[in-house]
Amino acid sequence: MLLLKNGYLIDPASGTEGYRDILIEDGRIARIMPQGAPGIAETEGTGVSGEVKDQVAQEDVKEIDLNGQYVAPGLVDVHVHFRDPGFTHKEDIFTGARAAAKGGFTTVVLMANTKPAVDSPETLSYVINKGKETDIHIHTCANVTVGLQGKELTDMEALSRLGAVGFTDDGIPLTDEELLRTALRRAAGCHKPVSLHEENPALITNNGINAGKASEYFSVGGSPREAEISMVERDLRIAVEEEADLSIQHISTKEAVELVRQAKKKSSHIYAEATPHHFTLTEDAVITHGALAKMNPPLREESDRMAIIEGLRDGTIDMIATDHAPHSAEEKAKPLTEAPSGIIGLETSLSLGIRELVNKGYLSMTELIRKMSYAPAKLYHLDAGYLAEGGPADLVVFDPHKEWVVRDFVSKAANSPFVGETMPGVISYTICGGKIVYQSETL
C-alpha cells in the first residue's frame, strides 16, 4: 500500500481541487480523504487509519509526505513516435516509456508510421506486447492504409479487435477523398477515432519550414498555410457528414483553428490537438535553431500561435499532445532541407504548458491538466485521466513553482530547441498502476 499525504489534488474529470490524502492499494485508488478527516487520520502514530491498520501490517505501508505539491492524474499523450519497429536508433518502446514517465505521462498512444507499418496483426501484436513490458500503459494506433500508401484500407475491424485504439497514417496525409470517407465509416463502426495529418503535399516545396519569413530567410519554398487549411476544410466536411470521430492533429494555422471551431457547432465528433511547440514558438525559432525547430506542420506566425492558445482557452482545441518525434544528432545535423522534421516533447510538455498557458493566465491548472489527461483519454476510450476512489492509481506529483534546466534527456534523442532553458514545473513522482515508475533525483 502507498499513502500520499498532504498533496494538492486536481481531478479534471470532477473539477475537484484541494488538499487530500490518497491511499493506493493493488494498483487502484482505495481512498481519497481531506486532510485531517477520520478516514485517513493519524492513529497511534502510524500515519494510517484504524481501518487500514486492521487490513495490513504497518511495514507494508509506504508513506510519502508531498508537502503541498500538486497531485494530478497521470498525463496522457495520444500522439507519440517511439520508432519501434524499424528506427530504433532514434528511440524504442523501452526508452520512450522511460522518457514518458519522466515527463509525468502514464499513458501514451503510439503512431503507426513505423517500418514495417502497423498495418498487420503481426506488427500490431509486436508493439502491444513490447509495450506490456514497460512500466507505463502503452497503446497504439493502427494504419488507415496498407503500407501508408494511401491506396488500400487496412482490415480496420480485425486490427481494432486485436487492440488498436485508433487509426492514423500520421506523417502522410490521406489525399483520396472517397478512401477517407470509407475509412471514417469503418472506424466509426469500430467505435475508434481517426487522427489525420493535415498537409497537402501538392502545395509544399520544402516541408517543415513555414512559407513566409522563415522560407525567405533560408531561400527555400517552404510549406504554405493553405496546405493545412485546404485539407482541414475538406476533412471536417466529410467527418461532419459521416458523424465519425475525427481528430485534427498538431494544428498550426489560425484558419484551421477557426474551421474546427465552426465544425464543432455542427458535430460532436470533431476534435483537435495542439503541440507545446506550436503554442510556444513561431517560425523565428527555425531561423534561430535551424533543424532543431523544423517540424511538420511547421512553426508559423505569432497570430497563429495566439489563435492556437485561444483555441485551447475556449475549448476549440481539446487536447495537448507532444508529437514526440525523436531523431539522431547526425540526422538533425544535415542541411536544413535534408534534415528530418520533428522534435522530442515528452520531458518538457508539462513545463511548457505551465509556463506558456497557466503562468500567463490563459488556462487554469485544472484546465491544463484536463487537456493533458482526461480529454485525450476520453477520445480514445481509455481508463485514464481522472482521480477517483476505485479508479486507476496513475498519478503525477509535481511542484509548479520549482524550476529546472532542460538537459540530460532520458529519451535516446535530444532534438529539442528548448535545451538549456529554465522551466517551471518539477516532476517529483510518476506513479503508474500504484507503482513509482519515476522519482526525481533531487528528492
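Close-up 1. Helices (H or I, at least four residues) and strands (E, at least two) are DSSP runs, numbered from the N terminus, and contact means heavy atoms within 4.5 Å. This is a predicted model, in which local features need pLDDT of at least 70 and side-chain atom pairs count only at pLDDT 80 or more, whereas totals for chains, interfaces and linings use all residues. Residues are numbered from 1 along each chain as its sequence is written, and side-chain values use heavy atoms, with hydrogens and water left out. Helix α8 spans residues 254–264, and Ala256, Val257, Val260, Arg261 and Ala263 are buried in it. Buried means under 20% relative accessible area, exposed over 50%, and partly exposed in between (1.4 Å probe, protein chains only). The buried residues of α8 line one face of the helix, because they fall within an arc of 165° when seen down its axis. The arc is that of the directions from the helix axis to the C-beta atoms.

**Close-up 2. Packing of α7 with α8.** The axes of α7 and α8 come within 9 Å and cross at roughly 10°. Axes are lines fitted to C-alpha atoms, for helices over the stretch in contact, and angles run from 0 to 180 degrees between N-to-C directions. The two helices α7 and α8 are therefore roughly parallel to each other. Angles under 35 degrees count as roughly parallel, over 145 as roughly antiparallel, 65 to 115 as roughly perpendicular and the rest as oblique. On the α7 side, Arg225, Glu228, Ile229, Val232, Glu233, Leu236 and Val240 meet Lys254, Glu255, Ala256, Leu259, Val260 and Ala263 of α8.

**Close-up 3. Crossing of α5 and α7.** Helix α5 (residues 177–189) and α7 have axes that come within 10 Å and cross at roughly 40°. That angle makes α5 oblique to α7. The crossing of α5 and α7 is right-handed; a crossing is left-handed if the near helix is turned anticlockwise from the far one by less than a right angle, and right-handed if clockwise. From α5, Glu177, Leu180, Arg181, Leu184 and Arg185 meet α7 residues Arg234, Asp235, Arg237, Ile238, Ala239, Glu241 and Glu242.

**Close-up 4. Positive phi in two loops.** His191 lies in the loop between α5 and β10 (194–196). Its phi is near 60°, a positive value in a residue other than glycine. His191 counts as exposed, at 59% relative accessibility. In the loop between α7 and β11 is Glu243, whose phi, near 50°, is likewise positive in a residue other than glycine. Glu243 is exposed, with a relative accessible area of 55%.

Close-up 5. Thr123 is placed in helix α3 (residues 121–131) and is buried, with a relative accessible area of 7%. Not counting residues up to four places away in sequence, Thr123 touches Pro85, Pro116, Ala117 and Val118. Pro116 is in the loop between β7 and α3, and the peptide bond from Lys115 to Pro116 is cis, with omega near 5°. The buried residues of α3 are Thr123, Leu124, Val127, Ile128, Lys130 and Gly131. These buried residues of α3 pack against α2 (93–102), β7 (105–110), β8 (137–140) and α4 (156–161).

Close-up 6. Met295 is found in the loop between α10 (284–289) and α11, and at 1% relative accessibility Met295 counts as buried. Leaving aside neighbours within four places in sequence, Met295 is in contact with Gly208, His277, His278, Ser341, Gly342 and Ile343. Pro297 also has its place in the loop between α10 and α11. The peptide bond from Asn296 to Pro297 is cis, with omega near -10°.

**Close-up 7. Nonpolar cores.** The largest nonpolar core has 74 residues. A nonpolar core is a set of buried Ala, Val, Leu, Ile, Met, Phe, Trp, Tyr and Cys residues joined through side-chain atoms within 4.5 Å. The residues with the most contacts inside the largest core are Val108, Ile136, Ile251, Leu350, Met365, Leu368 and Phe398. Apart from neighbours within four places in sequence, Phe398 is in contact with Gln69, Tyr70, Ala72, Leu350, Ile354, Met365, Ile369, Val426, Ile427 and Ser428. A second, separate core of 16 residues includes Leu9, Ile22, Leu66 and Val71.
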